[in-house]
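Hi,

Here is the model I promised to pass on. Have a look at it first, and my notes on the salt bridges follow below.

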Amino acid sequence: MASPNQRHLLSALVQNVPGVLAHISGMLASRGYNIDSLAVGETEDASLSRMTFVVVGDDQVLDQVRKQLEKIVTVVRVLDISSNDYVERDLLLVKVTAPAGGVRSEIRELVDIFRGQIVDVGEGEVMIEISGRANKVQAFIERIDRYGIVELVRTGRIAMVRSGSQVTSSEPAAETVQA
């Protein structure tokens, strides 16, 4: 049995129609399920989007969230990514105070160590892009904080099951949209 605070990664393939994000997130919130992370974007098929959720709870919470998602007409399929071998990434953009000189050089070295990149340079600040596992992104935030974070934004987690892995999948919840 999973611990009560286990993080579950779910991926839902949904019809790419207006209001689907609001409908799904509203339904989960109305039933008391907290979404720890949510990312959504169009797939290789323009008629479909993939929503990646991180929910916290035990196996019963996971089962109930999956069942609720599967009831929604615009949901095509729900995958439990967390029970598979997968690759996950978060993306961070952070603007930090960086006066020209030694401090800026220190920041550049830190960015290199984390395999990030400086994507914009201003007179007294720089914007940095970092991607990777959530713990890597969090570790970078903790180390860059001492320079003075001006603004920070991160994506929700995205994930895909590795090639050749068996996928834990629910039965199709609705007819697949034909392109």
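A quick word on terms: I call a residue buried under 20% relative accessible area, exposed over 50%, and partly exposed in between (1.4 Å probe, protein chains only). By that rule Arg157 is buried, as its relative accessible area is 8%.

Before the rest, some housekeeping. This is a predicted model, so local features need pLDDT of at least 70 and side-chain atom pairs count only at pLDDT 80 or more, while totals for chains, interfaces and linings use all residues. Residues are numbered from 1 along each chain as its sequence is written, and side-chain values use heavy atoms, with hydrogens and water left out.

Now the charged pairs. Arg157 makes a salt bridge (a side-chain nitrogen of Lys or Arg within 4 Å of a carboxyl oxygen of Asp or Glu) with Glu88, with 3.2 Å between the closest N and O atoms. Arg157 sits in the loop between β8 (149-154) and β9 (158-161) and Glu88 in strand β5, so this contact ties together parts 69 residues apart in sequence. Strands are DSSP runs of E, at least two residues, and helices are runs of H or I, at least four, numbered from the N terminus.

Glu88 is buried too, at 5%. A salt bridge also links Glu88 to Arg133 (3.9 Å, N to O), and Arg133 is partly exposed at 41%.

Elsewhere, Asp36 pairs with Arg7 at 2.7 Å between the closest N and O atoms. Asp36 is in strand β2 (residues 35-42) and Arg7 in strand β1 (residues 7-15), so parts 29 residues apart in sequence are tied together.

In total, the structure has nine salt bridges.

Cheers
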